[in-house]
Protein chains: 2
Amino acid sequence: MLKYQQTATEIEAYIEQHALQQGDKLPVLDQLIRQFAVSKTTMTKALELLERKGTIFQVRGSGIFVRKTNRKGYIELFSTQGFKQNLVEHDIQSKVLSFELIPCPEEIIENLGSAPGEMVYAIKRIRYIDGNIMCLEESYYRQTIVPYLNREIVEQSIFEYLETALGLNIGFSDMYMHVGKLPDSIAQHLELKAGDPALTVETIFHLTNGRPFDYSVITYHYEHSQFVVQANGLYL
Amino acid sequence: MLKYQQTATEIEAYIEQHALQQGDKLPVLDQLIRQFAVSKTTMTKALELLERKGTIFQVRGSGIFVRKTNRKGYIELFSTQGFKQNLVEHDIQSKVLSFELIPCPEEIIENLGSAPGEMVYAIKRIRYIDGNIMCLEESYYRQTIVPYLNREIVEQSIFEYLETALGLNIGFSDMYMHVGKLPDSIAQHLELKAGDPALTVETIFHLTNGRPFDYSVITYHYEHSQFVVQANGLYL
DNA sequence: CATTATAATTGTACATGTACAATTTATCAA
DNA sequence: TTGATAAATTGTACATGTACAATTATAATG
């Protein structure tokens, strides 16, 4: 683990141990540097990481403060940055509806940038959050990049398998969202009625080297899913 | 404007001028440093900015590449700038339904962290995108922080006024999203029917010093709004 | 000719140091 | 007290430099 990531984790532990709340002040930068025995660069990167993650905010001339959302029960839809420890407090289960290796369907080709006739794993599963139906997920993995999958893996966390077992480095993703009325076919799986509202999110996942490897369409159950995003403004 | 922001803008211009497409390679880091005559730190920060923005991606040992989404007509959901910045290619109009200065409503107090009886500007407006109804927006600004607003400002971009005229520094925001069925009161404004699907986004905007100044609830027209998010890092 | 080992390329992590801008605190005049 | 003003505090911008990891290109090997 990188030093600045490690430092960030330690600062989170510090916040936890001292039971710091929204708006509470952390030790001053120089103090933090001494306390955690790292250079200014490393501490700055660690703090920047925590700031993007939504854990703290920094005010020049004033100090470093804890940032916490007070609402519970929201899913972090996009942790717009690096750590993956988001849904730990929830119980996530999966039921696999179908699992097959097929030639890449026509309408998926352009999303995955795959060659015609290339093989993909096509997976359809329902995901549960704390016992409730959260969403229906249809996903397609390019076999060129993900050579092997089986039903057992698919019942667990696919991404964890990709990272640990296959050593793939997942980079960035493009997400397209829209709201609409449920068609009957999907409504049945979610135990809802046709015409009920739904949020649909299409995502194209890329490796760190930019190659797309996974296209997925997720339809969320509108009663069992709500999302929080902690944004840090100012692009330019 | 800061040097690394300026540099980022220049790199965007470079990409534009050379008509670089998805996956095209930019000059090597050292070359960029010489070309734009900045230090390594500055160039790195500029590139990091563009990476978070979704303009490029960097691959160690390989190079810096252009990242572009190929879909059109999607709204960039996350930027604390309101719509005005990222929707330049769209025509955004506003119709003000109501505008008043009132004591902060009970249910808003905890979101804004305001004192009881504190005055807020309450604004309700419909926003149009390319002539179509995009959303209904209800927003509340604390008068403590935003001392003056008028109907003319509210018909234009409020955030631009806050930044330029008032010199406020907008920092971060917490967004809460959920999907549901439209109540009749809102459906009428969006020219939809009660029970139609809708995406509702509540946002609490903060200044850079952490003080919340604006709480807004936006209900999107499901047929005239779809969103894109270019995310870095992973989840689930 | 495919494979493997080696070297060159290229971006990232990390350290140190200077200057400065935003904020807070202290000081002083009226 | 109040209000202005100066000083101290504190985080950010920026420069330079070293070491290193991931990738790609090249050479060596069978």
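Residues are numbered from 1 along each chain as its sequence is written, while chains are lettered from A and ligands numbered from 1 in the order in which they are written. Because the model is predicted, local features need pLDDT of at least 70 and side-chain atom pairs count only at pLDDT 80 or more, whereas totals for chains, interfaces and linings use all residues.

Chain A has seven helices and 10 strands. Helices (H or I, at least four residues) and strands (E, at least two) are DSSP runs, numbered from the N terminus. The C-alpha trace of chain A spans about 60 × 40 × 35 Å along its principal axes. Of the 236 residues in chain A, 28% are buried. A residue is buried if 20 or more other C-beta atoms lie within 10 Å of its own, exposed if 12 or fewer, and partly exposed in between, with C-beta atoms placed from the backbone. Contacts are counted between residues whose C-beta atoms, placed from the backbone, lie within 7 Å. Among contacts in chain A with a separation of 6 or more, 63% are between residues 24 or more positions apart.

The two chains are related by symmetry. Two copies of a chain are related by a rotation about an axis and a shift along it. Here, chain A is laid on chain B by a turn of 180° and a shift of 0.0 Å along the axis, with an RMSD of 0.2 Å. This is the relation of a two-fold axis. The C-alpha of A:P197 is the nearest to the axis in chain A, at 2.2 Å. Superposition is by least squares on the C-alpha atoms of residues with pLDDT of at least 70 in both copies.

The contact between the chains takes 49 residues from chain A and 47 residues from chain B. On the side of chain A that touches chain B, β1 (56–59), β7 (170–181), β8 (197–207) and β10 (226–232) each supply at least two residues. The largest share, 12 residues, comes from β7(A). By class, this side has 25 nonpolar, 19 polar and five charged residues. Ala, Val, Leu, Ile, Met, Phe, Trp, Tyr, Cys and Pro count as nonpolar, Asp, Glu, Lys and Arg as charged, and the others, Gly among them, as polar. Of the interface residues of chain A, 86% are also interface residues in chain B, so the copies meet through the same surface.

Strand pairing also joins the chains. Two strands pair if DSSP finds at least two bridges between them. Seven bridges link β10(A) to β7 (residues 170–181) of chain B in the antiparallel sense. Within that pairing, A:V229 stands opposite B:M175. An open sheet of eight strands runs in the order β4(A)-β5(A)-β6(A)-β9(A)-β8(A)-β7(A)-β10(B)-β3(B), with mixed pairing. Its edge strands, β4 (92–103) of chain A and β3 (75–76) of chain B, each pair on one side only. Inside the sheet, β6 (residues 132–142) and β9 (residues 212–221) of chain A run antiparallel and share seven bridges. A:E137 faces A:I218 of β9(A).

A:R125 lies in β5 (residues 119–129) of chain A. This residue counts as buried because it has 20 C-beta neighbours inside 10 Å. Beyond four places in sequence, A:R125 contacts A:S94, A:K95, A:V96, A:L97, A:E137 and A:V154.

The largest nonpolar core holds 58 residues, of which A:L199, A:Y220, B:A46 and B:L199 touch the most other members. Such a core is a set of buried Ala, Val, Leu, Ile, Met, Phe, Trp, Tyr and Cys residues joined through C-beta atoms within 7 Å. Beyond four places in sequence, B:L199 contacts A:V179, A:L199, B:M177, B:V179, B:Y220 and B:Y222.

A residue is near a strand if its C-beta atom, placed from the backbone, lies within 6 Å of it. Around DNA strand C there are 23 residues, and A:K3, A:S39, A:T42, A:G61 and B:L29 come nearest. The largest share of this surface, three residues, comes from α3(A). Around DNA strand D there are 24 residues, and A:L29, B:K3, B:S39, B:T42 and B:G61 come nearest. There α3(B) gives the largest share, three residues.

Terms used. Two residues are in contact if their C-beta atoms, placed from the backbone, lie within 7 Å.
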